[in-house]
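Biologist: I am new to this structure and would like to learn how to read it. Could you take me through it one feature at a time?

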Amino acid sequence: MNQEEALNVLKMGYNVFLTGPPGSGKTFLLNKYINYLKQHNKAVAVTASTGIAATHMNGITLHSWSGLGIRERVTDKDVRALIGRGYLRKRLKSTKVLIIDEISMLNSNQFDAVDKICQYFKTNFYPFGGMQIVCSGDFFQLPPINKNGEKNFIVESWAWKNAKMKTCYLEGQFRHKDEKLSDLLNHIRDNKAEESKKILLNKKYSENQFLFNIIPTKLYTHNADVDAINNIELSKIKGAEFAYQMTSTGPKELVASLKKSCLSPETLLLKQGAQVMFIKNNFESGYVNGTQGKIIGFNEFQMPVVKTLSGKTITAKMAGWTIDDENNMVVAQINQIPLRLAWAITVHKSQGMNLDAAEIDLSKCFIEGMGYVAISRLRTLKGLKLTGINDMAFYVNKNAVNMDKEFRKDSKKTAEDLKKISFQKIKKEQKKFLKSLNSPVAK
């Protein structure tokens with residue numbers, strides 16, 4: 001399915017599961033739909049399973065938005081206690097559309113719990129209290145693990161089955177312009193990492209020369225002390241050091257959530273020659289989340305000037321990360337230069353990024369999907385330097401492979417059904433759904 005078809009399905013008010021491989025434009029399409037709803041003054045809640053993913057869309061974690069917190073299940077008593085919180089009551093009652101990004105990191109118990117909370121708050125026992133639910137994610141990413149160490153995907157939940165999701169499987173490719181890389185990732189997605197693909201990666205492992213005139217960002221599978229590595233590399237550079245302090249506004253707990261989710265430190269230290277990475281999208285200024293480069297100087301206002309790997313010269317200016325409420329009002333904000341030192345980063349924190357170059361150590365992969373996530377961050381194989389690899393790096397969860405086949409079938413049927421409907425009827429249904437969002441209970 002292409003993006004235009006998927007957007008039409010979303011606008012018709014169906015509960016939707018938006019999926020597809022990394023770089024297929026899922027987040028881009030979500031933002032397009034969110035902007036459409038906001039332009040029509042409709043209350044939409046933008047959430048994600050992780051704080052990092054939430055910041056990509058000026059959202060909040062689903063756990064925080066719903067009041068679920070660190071719990072995996074909720075009892076009737078738990079929900080009654082939550083109803084006593086005025087801010088939660090106001091938030092959930094006003095929401096008509098709930099967006100959940102990176103759902104692969106949620107387990108079935110959590111999804112059922114959020115469904116129960118929404119039903120209670122809205123006094124409506126339709127799935128999620130009658131809201132439109134839009135889930136987005138790729139189950140080939142790192143799988144969810146509950147407190148007992150079990151992996152249970154949200155498709156196993158009652159809430160998922162009751163919501164009757166229409167699947168929109170995006171197959172375009174906006175990140176990977178390298179046919180060999182796309183081919184490799186598709187083989188890994190199918191759990192068919194043939195010997196030729198292993199040879200391709202092992203060849204990369206044996207190469208000593210790197211194709212870019214820059215030290216590639218190091219990706220680690222374990223939560224190594226990447227800040228220490230970055231600080232050590234920064235200390236090796238002689239010259240003046242510039243410090244940038246983060247500023248914030250809003251409730252303490254929301255500001256704390258933003259700080260935890262944002263990849264930029266509260267105090268950012270930079271020097272000329274430092275390896276850096278942009279950590280926010282700004283298409284007008286010429287960078288996206290993951291654009292790499294080097295500090296080549298500072299302007300008269302002491303703002304850092306970055307030369308990217310593509311040769312662009314960009315002056316990095318202060319940027320803001322916000323948490324918006326359902327009515328598009330900013331309730332919390334932090335401001336910082338949208339850069340971080342980029343000698344090292346974890347695989348987990350790299351999710352959602354587009355990397356030009358990376359040095360990846362996959363010798364300690366300990367869970368399916370880890371190698372896939374790391375390699376899929378890259379734009380081309382020319383930007384890859386492997387320092388180690390194990391067999392686990394080539395595997396993804398077997399359940400994810402089976403689910404993916406079903407998602408493709410479901411999406412094909414959704415696309416075929418859409419083509420049977422006239423353009424005029426599609427527009428009529430979309431207007432009808434928008435109008436329904438004005439009523440106490442949405443479609």
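Modeller: Gladly, and let us begin with burial: buried means under 20% relative accessible area, exposed over 50%, and partly exposed in between, using a 1.4 Å probe and protein chains only. Cys-118 counts as buried because its relative accessibility is 1%. This is a predicted model, in which local features need pLDDT of at least 70 and side-chain atom pairs count only at pLDDT 80 or more, while totals for chains, interfaces and linings use all residues. Residues are numbered from 1 along each chain as its sequence is written, and side-chain values use heavy atoms, leaving out hydrogens and water.

Biologist: What percentage of the residues of the chain count as buried?

Modeller: Of its 443 residues, 56% count as buried. The chain exposes about 20400 Å², of which carbon and sulfur atoms supply 51%.

Biologist: How many helices and strands does the chain have?

Modeller: Helices (H or I, at least four residues) and strands (E, at least two) are DSSP runs, numbered from the N terminus. Here there are 16 helices and 20 strands.

Biologist: How many disulfides does the structure hold?

Modeller: A disulfide is a covalent bond between the sulfur atoms of two cysteines. The test is a pair of cysteine sulfur atoms within 2.5 Å, and this structure holds zero disulfides. Cys-168 is another cysteine to look at: its relative accessible area is 0%, so it is buried.

Biologist: At what angle do H1 and H2 pack?

Modeller: Axes are lines fitted to C-alpha atoms, for helices over the stretch in contact, and angles run from 0 to 180 degrees between N-to-C directions. Helix H1 (residues 3-11) packs against helix H2 (residues 26-39) at about 40°, with the axes 11 Å apart. Angles under 35 degrees count as roughly parallel, over 145 as roughly antiparallel, 65 to 115 as roughly perpendicular and the rest as oblique. H1 and H2 are therefore oblique to each other. Contact means heavy atoms within 4.5 Å, and the residues making it include Leu-7 and Leu-10 of H1 and Phe-28 and Tyr-36 of H2.

Biologist: How do the axes of H6 and H7 cross?

Modeller: The axes of helix H6 (residues 86-94) and helix H7 (residues 108-122) come within 9 Å and cross at roughly 90°. That makes H6 roughly perpendicular to H7. Leu-88, Arg-89, Leu-92 and Lys-93 in H6 meet Ile-117, Cys-118, Phe-121 and Lys-122 in H7.

Biologist: Which residues does Leu-269 contact beyond its neighbours in sequence?

Modeller: Setting aside neighbours within four places in sequence, Leu-269 touches Leu-234, Glu-241, Phe-242, Ala-243 and Leu-341. Leu-269 sits in strand E10 (residues 267-271) and, at 30% relative accessibility, is partly exposed. Across the chain, residues 24 or more positions apart account for 75% of the contacts with a separation of 6 or more.

Biologist: What is the phi of Asn-41, and what is that of Glu-102?

Modeller: Most residues other than glycine have a negative phi. Asn-41 has a positive phi near 60°, and Glu-102 has a positive one near 55°. Asn-41 lies in the loop between H2 and strand E2 (44-48), and its relative accessible area of 70% makes it exposed. Glu-102 belongs to the loop between strand E4 (97-101) and H7, and is buried at 16%.

Methods. Areas by Shrake-Rupley, 256 points an atom, 1.4 Å probe, with all protein chains shown as cover.
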